[in-house]
Amino acid sequence: MYGRRQETAVLDELLSRARDGTGGALALWGEPGIGKSALLRYVHEQAADFLRLSYQATRPESDLDFAGLHGLLRPVTDRVESSVAGRAASLRDALGSNSGPVNRLLVGSAVLSLLGGLAEQQPVLVVVDDAQWLDQASALCLGIVARRVWVNPVVVVLADHSDPATRPWEGIPDLRVAGLTDESARQLLATVAPYTDGPTVQHMVEQSGGNPLALEELAVLEGVRDNAECRQDCGRRLVGPRLQRAFRAGIEALSPAAQLLTVLAAAEDHGDRLTVQRAGCASGADEAAWEEATNASLLHVAGNRVGFRHPIVGTAVYEGSGPAAQRRAHRILAAALPDDAENRAWHLAAAAHDRDEDVAMLLERSAERSRLRGDTTAAERALRRAAELSPAPLDASQRLAAAARVSWDSGRVATAECLLDDAQRLAPGAHIARRSRGLRGVIELARGMPELAHHYLITDMARVADPDTALELGTMAMRAGWSAGRSDLQARAAELSVGLDTANRAALPALLTWWSDDVPAAPAAAAVPDAEDMVARARTTMLGLLPPAPLGLAWGIDRPMGDALRRRIAYLRRTSEPARLAGALARTAMLDSFAGRWAEAESSATEGLGLAEDMGADHIASQCRNCLGWLAAARGDERLVAEVTARTLDTSLPQGVRALSAAAYWNRGMALLFHERPEDALEILIRLAEPGHDAAHSTYALLSALDTAEAAAHAGRHEIAEERVRALEAWARRTGAPWARTAAHIGRALLGGPRAEGAFRAALDVPDARSYPLLHARAQLFYGEWLRRDRRRTDARIQLAGAAAVFDRLGAAPLRRRAQREHDLTGPPGSRVSLDVREVNRLTAQEQRVARLAAEQLTNREIAAQLRISHRTVGHHLGNVFAKLGIAARTELSCAHVGCESG
């Protein structure tokens, strides 16, 4: 009995009082299927120690006097003589044993005496279900009994559809049985349909209105539907056969005019009383019919609104009326509406029993108005119905293609694809690309198939009529080529885009430069571009022409791109376009991550991931996971990094989406680097620039170049560090992007030499460097470490304290610990404690071997000979040892507990 604690408590109290000698009665009432019968079964089961009399009234016997009483008392007719005494004759007359006249008052008194006599042996429970179908004589007698039963341990419980105040139960305590709460409805569904997915459960809860019978029947009906998205194909709730029969029984008792009125109200479906009234008057439904329908508690009128007590009642009325009555109602309603009324097309469509191009055109216009209002569900339904009514296959195919686009925009990806396939089967041709605006390629890109998407997109560029739509497809094709790491595909799409006759044609070549990530092979002679001018141009560029977020970041136009995306997100929330919203959130999340807005980035990525997963858009979902992985790496959450990157690579590697694979590799390498495992980090990060590798991608190779250079420098691979720093310097010269200039200076400083300090200072002095707080704080950290090793402790403390504060604000735990440790080592020599084993264990295995031998006073060449490495590599490892342990000479190694191997 889910969600019926209050009702069962009332019934339990009635039984408890009866056991103590006091009777009582209760009339349960509510709509069909609401759970009254379940409560009667409950009270019957709880009264195992009672004499139980039960009866379910039926409509066929409702005109037979005392039929109900006969069925109820049949088990105890042999006790009539002994229990009723002088009134036995009246009761026998009522039960058909005698043929004399019947006095209903005497019969009621006799039944009361019979129940009282039976209760002398044990308490009595009387249960009557569907009491609305009791014959009038039995109902009046039971009313007499129920109002007087309190003197004996007798409990009478009745179940009726209507308010007892309008029935023979007036004066009897009553309890209206309302619908289940959403939580109770979910609990019931978990029992009757335990394997139903979450969205389907939510849909059934909403559709049922808390009606338990409706829930059970929906569980059966939903089980035969193709997929969850198809639930939105139907504009009405689903009602099962049992619920239909329950409601139809009450409707069929009305006059024909009142019945027509209820069907008109159900078919109108918007609650417009004036429309229903005009339609009813034209069909002979007068005021008397209105009064009859409202008195029967079927229709409820309030001002200019008319409706049913619950939408599921209206559905039962409509579905139970039959196809002919439904079409008639819709024809009447269409005739009652002006020609330009929004709903007229729908009523004409519902009344049609054959293909009709005129009605199909009306629906298509209605769909366009719905789309402009942002009601994509109504637009899709109108286009699908228009396709069904289209006599020509070509017209039907075009309307299905348009419906597919609307479905995609509203986030129903599977439905969009099904509609696109249906359009193709009906009439293949270029019209499908025109009406769907190149949807096939859009879907493949969202699914994570960039090369296939590119093929469809550039093919459909020539098929769409509008140059701006063709340009949109062209930029998406460039995005697909970039995602696949295929510069040739990017170039082909760019070439086609530049040739389009659009308003931006003259500016396109310059704008499309932002889609390139080629690093110049040699230093350019030209001056560094004006970053402010580039940002200004980006602010006036349409969002669709701006490159993917990683490229926008690489070019230094991330701030205007982020501003445009945030405006776009606000618009997409208002227009309910989840597909576009998910993509915008993923792009914003990456830009916010670099800008230090980590909470906002996490929120956007999480929301975008939920939307993308709901739609089955794997590509966008992986973008969001990569953003979450980047944040996890910076925060030191290695478990989450491993989890999200594994999910990404499971799909991106087989599908050849190198951009996603590269981002996942970067996240893994960054996590290892920040946990001071440079050799392991380098093994991963170098793959981003390795030709032919599945994770090789030039944009991500650039963005991760500083991390690769740092890992290589600590691992003694100076040639790799040098190569990555040169790439950064070349990119900084080409773009003037603040992050690139900062990273290039940091990388040059990490390589050491006499210009190291100048490079550190140059990195910190780059205009707008603080717009990338993690990068700027890392510059402070590296500079502070360099100053400490140069024994300039005061200067080092300033840089390290600043870095630690930023890392702490961001939540970059590994870097904060590193900065704090370095800061502690800058204290006065007497204040520094000796090193413990944990500090020594921060050294790599090879660094510990080198340190152990150096502590034994071996020279670099002697250590190199024992370990079979070069003496230069020994020097590099010792430099790392000194930096990590905060010492400056070999003599201090003997105090650092490195005299033996750890382990």
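**A residue and its neighbours**

Modeller: Leaving aside residues up to four places away in sequence, E785 touches L800, R818 and E822, where contact means heavy atoms within 4.5 Å. Before we go on, this is a predicted model, in which local features need pLDDT of at least 70 and side-chain atom pairs count only at pLDDT 80 or more, while totals for chains, interfaces and linings use all residues. Residues are numbered from 1 along each chain as its sequence is written, and side-chain values use heavy atoms, with hydrogens and water left out.

Biologist: Is E785 buried or exposed?

Modeller: E785 is buried, with a relative accessible area of 8%; buried means under 20% relative accessible area, exposed means over 50%, and partly exposed is in between, using a 1.4 Å probe and protein chains only.

Biologist: And which helix does E785 lie in?

Modeller: E785 lies in helix α42. Helices (H or I, at least four residues) and strands (E, at least two) are DSSP runs, numbered from the N terminus.

Biologist: At what angle do α41 and α42 pack?

Modeller: Helix α41, residues 756-765, and helix α42, residues 773-789, pack at about 155 degrees, with axes 9 Å apart. The axes are lines fitted to C-alpha atoms, for helices over the stretch in contact, and the angles run from 0 to 180 degrees between N-to-C directions. That angle makes α41 roughly antiparallel to α42, since angles over 145 degrees count as roughly antiparallel, those under 35 as roughly parallel, 65 to 115 as roughly perpendicular and the rest as oblique.

Biologist: Which residues of α41 and α42 meet?

Modeller: From α41, A756, E757, F760, R761, A763 and L764 meet H776, A779, Q780, F782, Y783, W786 and L787 in α42. By class, the residues of this contact are nine nonpolar, two polar and two charged, where Ala, Val, Leu, Ile, Met, Phe, Trp, Tyr, Cys and Pro count as nonpolar, Asp, Glu, Lys and Arg as charged, and the others, Gly among them, as polar.

Biologist: What about the loop between α41 and α42, where D768 has its place?

Modeller: D768, in that loop, has a phi near 70 degrees, a positive value in a residue other than glycine. At 39% relative accessibility, D768 counts as partly exposed.

Biologist: And what is the phi of E676?

Modeller: E676 has a positive phi of about 60 degrees although E676 is not a glycine. It is placed in the loop between α35 (658-674) and α36 (678-685), and it is buried, at a relative accessible area of 18%.

Biologist: Back to helix pairs, then: at what angle do the axes of α46 and α48 cross?

Modeller: The axes of helix α46 (residues 845-855) and helix α48 (residues 871-885) cross at roughly 90 degrees and come within 9 Å, and the two helices are therefore roughly perpendicular to each other. In α46, Q846, E847, V850, A851 and A854 meet V874, H877, L878, N880, V881 and K884 in α48; the classes there are six nonpolar, three polar and two charged residues.

Biologist: Which residues in α8 are buried?

Modeller: In helix α8, which covers residues 182-192, S184, A185, L188 and L189 are buried. They cover an arc of only 140 degrees around the axis, which puts them on the same side of α8; the arc is that of the directions from the helix axis to the C-beta atoms. T191 also lies in α8, but T191 is partly exposed, with a relative accessible area of 48%.

Biologist: Last one, how many helices and strands does the chain have?

Modeller: The chain has 48 helices and seven strands, and buried residues make up 54% of its 903 residues. Among contacts between residues at least 6 apart in sequence, 67% join residues at least 24 apart.
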